[in-house]
Amino acid sequence: MLSYEDQLAHKKSIVEKAYRNFSNLPIEMIPLVGDTIGSPLQYGYRTKLTPHFDGPPGSRVRRGRKDGPEQPGFEQVPPIGFMVKGTRKTMDIEDCPIATDAVREGLKQERKRVAEELSKYKRGATVLLRETTTKAPAQPQGPPATTDDPQPISNETDSSNQPPQALQTTSSPTSTTTTKTYITDQNATATEHIGPYTFLNPAGAFFQNNNSILETFTSYIRSHILPPQPSTTSTLTTNNTTRKPPKPIKHLIDTYSGSGLFSITLSPFFTTTLGIDISSTSIASASLNAAQNAIPNATFTTGDAADIFAEAKTRYDGDGDGADECVVVIDPPRKGCDDGFLRQLLGFRPQRVVYVSCNVHTQARDVGVLVRGGRREGWGLEGEKGKKEEVKVDDDGTGGIGNGKGMPRVRYRIESLRGFDFFPQTGHVEGVAILQRVDDDEGNE
C-alpha cells in the first residue's frame, strides 16, 4: 500500500498528465501544478455509501412478464456491496474502513436487516447510508453509559418524521455536543456542518462526501477566487498600450450550484451571489440553506440549459460590460461541461472563472477550450464518436466567441492548478483550476 505522501504525489501526477494529454494546450500555457492538498482524515471520512445487491437468479428474465411464473425468491443472502471493477459481479462488503463510524455502523445494521427481511425482496435493491450531524449545547456530564447499543434519537430536520436509525458517536467539546447518526431514507434530511455554516439536504441528493476536507477546501477557494491585488491603481501599460486595471469583482455566479455550497460559503466576499442549477429540487435546498445561515445577499434560480446565464445577464450585463465585475464558479458532474455551456460562458465573458471538478480529464479538456477562446477543431481533441469537435463561434473573423456586441474574441489564461484529495485510498482526485480573462492587449504580450 502506498504511503499517504506517495498517494498525494501520485494524484499530483494525475492532474499533470490530464492537462498534458487532454487540454490540447502547449506546455508553456499550463502552469506548474501545486502539491495536492491532503484530507485531514485518511480513513473514516466518507459520509455516504450506496451498497447494493442483485436479484435472485432468473429474476431479470422473468421481470415484466405478466403471464410468466412467479419471480423466484432468494435461497440465501446475496452479496451486498459494490461491483468488482470491469465486471458485473457484486463483491460482498462487510465493512468499509474509509466510511465514517456512523456509516460503518449503518452498513452493519442494514446488512443484518436485509438478511432478516430477505423474503420481502423479489429483486435487487440499493441501500442508502448517509451520515447526518446534529449539534446542541453541551449538557452536564452524567454517569457513564451502561450499554454500547446504538440508541435512536429524534431529529427535527428529518422530513420523514422518523428518527435516524442509530446513534453512533457523540463528542462533547466545551460548549457543543456533536451527534452523528446514519439515515437510510433518501427523502429524509441530512445535516452537514462546514465551519460556521449548516447545510440541509435530502439524504439521496448529491453533496460532497468527505466533510473533513470541506472547510480547508472552501477556505482555499475563498483565498483564490478574487484576483491578486494590483501593485498600482493607476493605468497600466503593456506593449505601449495603456489600459486600466480590471474592475473590482463584486458578484459571484455559482453554476451547477446544487444546494449552495459555494454561494453560501463565499457570500461574505461579494455584494451578491447568484446560484443557478437546472434542478428545481437543488434550488429549493439552496434557498433553504441561505435562510438557515441568514445569508441576505444569496439568491438562487432554476436555469434553462439553453440560456443558463439569462438571469445573470439581466442583473449584471445590461450595459455590455457588467460581466467584468463577475466571477463564475463551475462544478459540473464527471462528464464536464457541454459545448453549449462553454459557448454561453465565453459569451458572458466573466472576468474570472473557478472550475472545480471530480474528473480532471474532462476539466482539462474544458479548460483548454476556454484558454483557446472556444476553438476545438485543429487541436486534436476527439469527440465521443471519434470525430473532431468544434464549439460553434461567432462569424466575426476572429475564430473565437464574442458576446454579440462587437466584443473581441474572449479567452482565458490558467492562473493556477491544484488537486485536493477528497478520497484517500482511492485513485480519485478533485481538481481546482483558477482562470483569468485575457484582455486584448494582454493577448499580444
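These are my notebook entries on what I looked up in this predicted model.

**Ground rules**

I number residues from 1 along each chain as its sequence is written, and since the model is predicted, local features need pLDDT of at least 70 and side-chain atom pairs count only at pLDDT 80 or more, while totals for chains, interfaces and linings use all residues. Side-chain values use heavy atoms, with hydrogens and water left out.

**Entry 1: the overall count**

I started with the inventory: the protein has ten helices and 20 strands. Helices (H or I, at least four residues) and strands (E, at least two) are DSSP runs, numbered from the N terminus. Of the 445 residues, 46% are buried. For my own reference, buried is under 20% relative accessible area, exposed is over 50%, and partly exposed is in between, using a 1.4 Å probe and protein chains only.

Next I looked at contacts, meaning heavy atoms within 4.5 Å. Among contacts with a separation of 6 or more, 69% come from residues 24 or more positions apart.

**Entry 2: the eight-stranded sheet**

I traced an open sheet of eight strands, in the order β1-β19-β20-β18-β17-β14-β15-β16, with mixed pairing. Two strands pair if DSSP finds at least two bridges between them. The edges are β1 and β16 (298-302), each pairing on one side only. From one strand to the next the twist averages 20°; axes here are lines fitted to C-alpha atoms, for helices over the stretch in contact, and angles run from 0 to 180 degrees between N-to-C directions.

Then I went through some pairs:

- β1 and β19 run parallel, joined by three bridges, and Val 33 has Leu 417 in β19 as its bridge partner.
- β19 and β20 run antiparallel, joined by nine bridges, and Arg 418 stands opposite Val 432 in β20.
- β14 (residues 251-255) and β17 pair in the parallel sense over four bridges, and Asp 254 has Val 329 in β17 as its bridge partner.

I also checked burial in β19: seven of its ten residues are buried, so the strand is largely enclosed by the rest of the structure. Helix α1 lies across β1, β19 and β20, running at about 140° to β1.

**Entry 3: helix α4**

How far apart are the end C-alpha atoms of α4? I get 21 Å for this helix of 14 residues (211-224), which agrees with the 20 Å it should span at 1.5 Å a residue. The expected span is 1.5 Å times one less than the number of residues.

Its buried residues are Ile 213, Leu 214, Phe 217, Thr 218, Tyr 220 and Ile 221. Seen down the axis of α4, they fall within an arc of 155°, so they line one face of the helix. That arc is taken from the directions from the helix axis to the C-beta atoms. The spacing made me recall that an α-helix has 3.6 residues a turn, so residues three or four places apart point the same way.

What do the buried residues of α4 pack against? I found β1 (33-37), β10 (189-194), α5 (261-265), β18 (352-357), β19 (411-420) and β20 (430-438).

**Entry 4: salt bridges**

I searched the whole structure and got 15 salt bridges. Each is a side-chain nitrogen of Lys or Arg within 4 Å of a carboxyl oxygen of Asp or Glu.

Lys 11 and Asp 421 meet at 2.5 Å, N to O. Lys 11 lies in helix α1 (residues 4-22) and Asp 421 in the loop between β19 and β20, so the pair ties together parts 410 residues apart in sequence. Buried or exposed? Lys 11 is buried, at 1% relative accessible area, and Asp 421 is buried at 0%.

Glu 105 and Lys 108 meet at 3.3 Å, N to O. Both lie in helix α3 (residues 101-116), three residues apart, about one turn of the helix. Glu 105 is buried at 11%, whereas Lys 108 is partly exposed at 48%.

Arg 349 and Asp 324 form a salt bridge, with the closest N and O atoms 3.9 Å apart. Arg 349 is buried, and so is Asp 324. I also noted that Glu 110, Arg 113 and Glu 117 are joined into one network by salt bridges that share partners.

Last, I looked up Lys 247, which lies in the loop between β13 (241-243) and β14. Lys 247 is partly exposed, at 31% relative accessible area. Gly 322 is 75 residues from Lys 247 in sequence, and their C-alpha atoms are 9.5 Å apart in space.
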